[in-house]
Amino acid sequence: MDPGSVAAAMALGFAAGVTGGMLGVGGGVIFVPALVFFLDQGQLDAESTSLLAIVPVAMLGAWRQWGYGNLRVRDGLVVAALAPPGILLGTTLANALSERALELSFAGLQVFFAVSMARRALGRQAGG
């Protein structure tokens with residue numbers, strides 16, 4: 001990895017850490033697009049790399065939020081218990097689909113969640 005890529009990866013890690021700690025995001029939302037755009041990875045490589053990178057980020061973030069009393073352990077464990085079968089199916093699909101299909105699926109999911117979160121926040125603001 002050349003020095004410019006190392007610097008970009010370090011900046012990406014820091015930015016994702018700040019965003020993850022503040023907003024609860026980092027893996028897909030920050031890591032994947034940044035790996036694609038700044039480190040010139042393909043969509044599948046970026047998604048795969050993001051899965052590894054999010055492990056320490058998630059562990060540290062969960063530990064810190066537990067200290068603040070914000071961690072809902074039971075809910076997290078239920079989600080975690082159901083995720084492995086989905087991961088097996090999802091990684092199989094990701095490797096079967098084209099890069100273009102992955103990019104469009106990723107973008108569509110991001111847009112869906114962005115619009116949904118904005119509507120929810122604006123609805124709360126208008127309602128009181």
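For the charge analysis, Lys and Arg count as positive and Asp and Glu as negative, whereas His and the chain ends are not counted. The place of a charge is taken as NZ of Lys, CZ of Arg, CG of Asp or CD of Glu. On this basis the chain carries 7 positive and 7 negative side chains, with 23 Å between the centres of the two sets.

The structure is a predicted model, in which local features need pLDDT of at least 70 and side-chain atom pairs count only at pLDDT 80 or more, while totals for chains, interfaces and linings use all residues. Residues are numbered from 1 along each chain as its sequence is written, and side-chain values use heavy atoms, with hydrogens and water left out. The pLDDT, the predictor's confidence in each residue from 0 to 100, averages 89 over the chain, and 97% of the residues score at least 70.

Helices (H or I, at least four residues) and strands (E, at least two) were taken as DSSP runs, numbered from the N terminus. The chain contains 5 helices and 0 strands, in the order α-α-α-α-α from the N terminus. Along the principal axes, the C-alpha atoms fill a box of roughly 50 × 35 × 30 Å. Residues were classed by relative accessible area as buried (under 20%), exposed (over 50%) or partly exposed (in between), with a 1.4 Å probe and protein chains only. Buried residues make up 16% of the 128 residues. With contact defined as heavy atoms within 4.5 Å, residues 24 or more positions apart account for 46% of the contacts with a separation of 6 or more.

A nonpolar core is a set of buried Ala, Val, Leu, Ile, Met, Phe, Trp, Tyr and Cys residues joined through side-chain atoms within 4.5 Å. The largest such core has 10 residues, namely Leu12, Ala16, Phe31, Val32, Ala34, Leu35, Val36, Leu39, Ala46 and Phe106. Two or more residues of this core come from each of helix 1 (3-23) and helix 2 (27-38). Helix 2 makes the greatest contribution, with 5 residues. Beyond its neighbours within four places in sequence, Phe106 contacts Gly28, Val32, Pro33, Gln43 and Glu47.

Contacts also link Thr19 and Ile30. Thr19, in helix 1, is buried because its relative accessibility is 17%. Apart from residues up to four places away in sequence, Thr19 touches Gly24, Val25 and Ile30. Ile30 lies in helix 2 and is partly exposed, at 23% relative accessibility. Leaving aside neighbours within four places, Ile30 contacts Leu12, Ala16 and Thr19. Ile30 and Pro56 are 26 residues apart in sequence and 15 Å apart in space, C-alpha to C-alpha. In helix 1, Val6 is partly exposed, with 33% relative accessibility; its C-alpha atom is 9.1 Å from that of Leu39, 33 residues away in sequence.

Asp40 occupies the loop between helix 2 and helix 3 (43-67). Most residues other than glycine have a negative phi. The phi of Asp40, however, is positive, near 55°. Asp40 is classed as exposed because its relative accessible area is 71%.
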